Amino acid sequence: MAKITRRNFLKTGLLGLAGAVGVTTFEHLQQKTYAAPNAHEGHDPHMEAHGPAGFIGEVDHERNGFNPTDILTDYDYGTVSTLENGQTLREYDFVALDKNIEVAPGIEFPAWTYNGRIPGPTIRATEGDRIRINFVNASAHPHTIHTHGIHTFEMDGVPNAGPGLIGTGESYTYEFDAEPFGVHLYHCHAFPLARHIAKGLYGAMIIDPKEGWPHADHELLMVMHGYDIDFDDENELYAVNGIPFHYQKHPIPINVGDKVRVFLINILEFDLINSFHLHANFFDYYPTGTSLTPSEYTDTIMQTQAQRGMLEFTYKYPGNFMFHAHNTEFAELGWTGNFNVQAEGAEEGADHE
Ligand SMILES: [Cu+2]
């Protein structure tokens, strides 16, 4: 069959209303390149009735071992203890695992993961804590953990620092102080770097300021990334927190008047720029989350790879409001979602502390 480019992907009608065409072509694709996962015969009447861009059916989150809805808020504070010097120690166990992940109904991606999920666990600590990551490589390939923060050379997680590459069956402990406060990330730094990142080895590291952030009703993690499912160094699918179109199918519930904080990170490989656009609203933007003063009041920002920041907003009106990449092609290939904004007091008491 013809080479599958992401533009052909769009043209062949794999997305959108042409479900029947899509199924045929997907099977073709599976036979060509991938082990077929369980068939998903079910049709989602909502999707068919309303017909937004998106896939018919649902991936098997249980089999994947993670659900993007949970990843929004599953901050991992580690195993906590106190060091002799009084510092808080947060300890994490990370395992690199090769794992097939169903990234779209019927499409498996042979991923490389930290702890079996994409993105990996969300490290969350307070500025000045000690972070210790016990890393075991159970993958068939050498990997590292390179964190974006301030640390010694030995802890940089690159091939020429400290132990260098951590081979199959090997382990290493990365340890450093949590600084500076902000929205950070980690990823594998083995070469070829683009491949190791694109396969799924990345995650978020949120470091809270000592005095904490101001109160918010919701703190949501969003890691923007893509999938190059045919390994031609172009992405065929785009996503937030692992699964394309997830928050379109499962809108994020909030109330009018809620203060929402989003920790947004771009780890997209192969495309130079990603973006975030919020509908019917504006947000304060804090680049890298390293200041308590926003730099901009806007409804659209862009990030290149490893750029990240913090967004804060409150909805004035109820409705089902989109958020998506304003690289519209990315949106059509999976990077789109919705906030389901309820009228204040619709579900519970109207008071928020
Ligand atoms: Cu790697």
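The protein has eight helices and 21 strands, where helices (H or I, at least four residues) and strands (E, at least two) are DSSP runs numbered from the N terminus. The model is predicted: local features need pLDDT of at least 70, side-chain atom pairs count only at pLDDT 80 or more, and totals for chains, interfaces and linings use all residues. Residues are numbered from 1 along each chain as its sequence is written.

Of the 353 residues in the protein, 42% are buried. A residue is buried if 20 or more other C-beta atoms lie within 10 Å of its own, exposed if 12 or fewer, and partly exposed in between, with C-beta atoms placed from the backbone. Two residues are in contact if their C-beta atoms, placed from the backbone, lie within 7 Å. Among the contacts with a separation of 6 or more, 71% are made by residues 24 or more positions apart.

An open sheet of six strands has the order β12-β11-β14-β19-β16-β17, and its pairing is mixed. Because β12 and β17 (296–298) stand at the edges, each with a single partner strand, one side of each is left without a neighbour in the sheet. Neighbouring strands of this sheet are turned by 25° against each other on average, direction ignored; the axes are lines fitted to C-alpha atoms, for helices over the stretch in contact, and angles run from 0 to 180 degrees between N-to-C directions. Two strands count as paired if DSSP finds at least two bridges between them. Strands of a sheet pair through backbone hydrogen bonds, either parallel or antiparallel.

Met224 stands opposite Val240 in β12. In a regular strand the side chains alternate between the two faces of the sheet. In strand β12 (residues 237–240), Leu237 and Ala239 point one way, while Tyr238 and Val240 point the other way, and all are buried.

Glu219 counts as partly exposed because it has 18 C-beta neighbours inside 10 Å. Leaving out residues up to four places away in sequence, Glu219 touches Thr73 and Arg261. Glu219 and Val262 are 43 residues apart in sequence but 5.8 Å apart in space, C-alpha to C-alpha.

A nonpolar core is a set of buried Ala, Val, Leu, Ile, Met, Phe, Trp, Tyr and Cys residues joined through C-beta atoms within 7 Å. The largest such core has 83 residues, and those with the most contacts inside it are Val103, Met222, Phe263, Ile265 and Trp335. Beyond residues up to four places away in sequence, Phe263 touches Val183, Ala204, Ile206, Leu221, Met222, Gly289 and Met310.

Several loops have particular backbone geometry. In the loop between β12 and α7 (246–249) lies Asn241, which has a positive phi of about 60° although it is not a glycine. Asn241 is buried, since 25 other C-beta atoms lie within 10 Å. Phe245 lies in the loop between β12 and α7 and has a positive phi of about 65°, although it is not a glycine. Phe245 is buried, with 28 other C-beta atoms within 10 Å. The peptide bond from Ile118 to Pro119 is cis, with omega near -10°, and Pro119 is placed in the loop between β4 (107–114) and β5 (122–126). Phe191 and Pro192 are joined by a cis peptide bond with omega about -5°; Pro192 lies in the loop between β9 (182–187) and α6 (193–198).
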